[in-house]
Amino acid sequence: PKYPEKSFEISGFWAPYEMTEEAFEQYKDVGFTTLAMINHSLEKDSEHQFYLGSERTMKALELCRKTGLKAILQYGDWLATWSENNLDYFSKTPFSQYDIYGDYKDIITGVSIVDEPSKEHYDGRYSSKAMMDDFQKVYPDAYYIVNISPRYAGGTYWDFANYDELVDTYEKEIMTHFDKKFISVDCYPFPDEKIYRCTRHQDWLLGHEIIANLAKKHDAYKTAIIQSSVTNEFAPVLTEGDMRLQVNIALAFGFDHIQYYCYEVPRTYNEDGTIEYMYEHCILNQDSTPNEMYYWLKDIHKEIQSFSNVILAYDWDSIIARNPVGFSSNTDMMQMLDREFENAKHFQKAISSSDLAISRFTSEEYGEAYMLVNYDVKDKPNNVATVTFKDCSRLALYGGKGFDGTPKIVELDEEGKYRFEFEYGEGVFVVPMV
């Protein structure tokens, strides 16, 4: 079939420190489509901070226009107050008050309002009807971006009874107010083992499922913020397989926008002239030069954008999991091993040599499709999976290392089976062909 043209939105923060065309081109060349205006490491003034009305925001928009990037603005109420002691910034209609970006609204995809809000933030500060109505009036084609915390972090730190209450509050107080519904979650799966006593957070799939089901309920646009930083609270090393796994899991839950924490390394400038760096490296090194992760992601982004119009033509529906023994050290899989797809059109069964996540996607026009991801841990043998399909004779396979947009067409055997083999972190999007 001919699929409509669609592409993933891809971004990262901290945003570039240097406000130059060269720095923005380097940001774009990794495969980013949108500048996320988040970086508050520099001097606390209008020239160096992103917030509505700041000099830096306008300069960034000019550079986005020159380099062909879209933009996510930052509301930045606390930054504006911090930088200018501007108490008037806390108005009920801040978007009308700073409605000065008319020449750039065609490239503004959203405004970042608040990150990981606690219960007190829903007292009207970010969830007042006046403020949300004002946003929709000024930015009718953009998203009101509120990012919520991941499931593994729970809810009590943010003064909620549990994670369910945290998600429900966002849904009721903010999400449902907007015509353009949106949800974002950050999930950094590879922690410092000494701090967290694990090498991978164990409810990654369950957390993403909560977000995906809420987006499905409201037909919402969804953003996955994933990990690209090492050391400090994170693992000391990230491999290419780790990055592929994170991107493939995001695709397996139908996320529209992939965002990275971090692009530049966050810094603290001390009064004595020294600089403290939060991480050993992110997508860029501490000196703002690319490292090997930059080039891994450049390849990955090229690969996924080559079939973005295919996967984004379908809606995520549900997820199951399989492994050979009915038990997994990845405990989030345990609740998915006994699941079956309800009334699956083509999928029958899967037998895998290790942990395998399987998502179903649906489309009224194109039927059903599936995403398979090797969810096993690193340094293990390849995951070999034999999947049995029905009511189709061939499969179109999308994705993987070096994928250029041309699907691999494979024949099923006489029993409707096909044998897949996945390296660590690999996944494939499967379209059955009748």
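At 31% relative accessibility, Arg151 counts as partly exposed, whereas Asp203, at 12%, counts as buried (buried means under 20% relative accessible area, exposed over 50% and partly exposed in between, with a 1.4 Å probe and protein chains only). The model is predicted: local features need pLDDT of at least 70 and side-chain atom pairs count only at pLDDT 80 or more, while totals for chains, interfaces and linings use all residues. Residues are numbered from 1 along each chain as its sequence is written, and side-chain values use heavy atoms, with hydrogens and water left out.

Arg151 and Asp203 form a salt bridge whose closest N and O atoms are 3.1 Å apart (a side-chain nitrogen of Lys or Arg within 4 Å of a carboxyl oxygen of Asp or Glu). Asp203 lies in the loop between helix H7 (193-196) and H8, and Arg151 in the loop between E5 and helix H6 (163-173), so the pair ties together parts that are 52 residues apart in sequence. Helices (H or I, at least four residues) and strands (E, at least two) are DSSP runs, numbered from the N terminus.

## Further salt bridges

The structure holds 18 salt bridges. One of them joins Arg322 to Glu340, with the closest N and O atoms 3.1 Å apart. This pair links distant parts of the chain, 18 residues apart: Arg322 belongs to strand E11, and Glu340 to the loop between helix H12 (331-334) and strand E12 (347-352). Arg322 is buried at 11% relative accessibility, while Glu340 is exposed, with a relative accessible area of 57%.

A salt bridge of 3.2 Å, N to O, connects the side chains of Lys417 and Glu415.

## Cavities

There are 4 cavities of 30 Å³ or more. On a 1 Å grid over the protein atoms alone, a cavity is a set of points where a 1.4 Å probe fits but cannot get out; a pocket is an open set with protein on both sides within 12 Å along at least five of seven lines; lining residues have an atom within 4 Å of a point. Grid points are joined across faces, edges and corners, and a volume is the space filled by probe spheres set on the points.

The second largest cavity, of about 50 Å³, includes both Arg151 and Asp203 in its lining, together with Pro150, Tyr152, Tyr163, Val185, Cys187, Trp204, Gly207 and His208. H8 gives the most to this lining, with 3 residues. The largest cavity has a volume of about 110 Å³. Of its 15 lining residues, Arg244, Asn248, Glu303, Ile304 and Gly400 lie nearest the centre. Helices H9 (240-252) and H10 (292-305) are the elements that give two or more residues to this lining, and H9 provides the largest share, 4 residues.

The largest pocket contains about 950 Å³ of space. It is lined by 38 residues, the closest to its centre being Asp115, Glu116, Asn147, Asp186 and Tyr188. Elements giving two or more residues to this lining include strand E3 (70-74), helix H3 (77-84) and strand E4 (108-115); the largest share, 4 residues, comes from E4. By class, the lining has 22 nonpolar, 11 polar and 5 charged residues (Ala, Val, Leu, Ile, Met, Phe, Trp, Tyr, Cys and Pro count as nonpolar, Asp, Glu, Lys and Arg as charged, and the others, Gly among them, as polar).

The second largest pocket has a volume of about 570 Å³. Among its 26 lining residues, Asp219, Ala220, Asp256, Leu312 and Asp315 lie nearest the centre. Helix H8 (204-218), E7, strand E11 (315-322) and strand E13 (356-363) each give two or more residues to the lining. Its residues comprise 14 nonpolar, 3 polar and 9 charged.

In H3, the residues Asp77, Leu79, Ala80, Thr81 and Ser83 are buried, and their cover includes E3. Just after H3, Asn85 takes a positive phi of about 55°.

The largest nonpolar core has 122 residues, of which Phe95, Ile113, Tyr139, Tyr144, Tyr260, Tyr314 and Phe429 touch the most other members (a core is a set of buried Ala, Val, Leu, Ile, Met, Phe, Trp, Tyr and Cys residues joined through side-chain atoms within 4.5 Å). Not counting residues up to four places away in sequence, the contacts of Tyr144 include Phe95, Val111, Ile113, Tyr126 and Phe182 (heavy atoms within 4.5 Å). Another core, of 22 residues, lies apart from the largest one and has Ile320, Ala385, Val428 and Val430 among its members.
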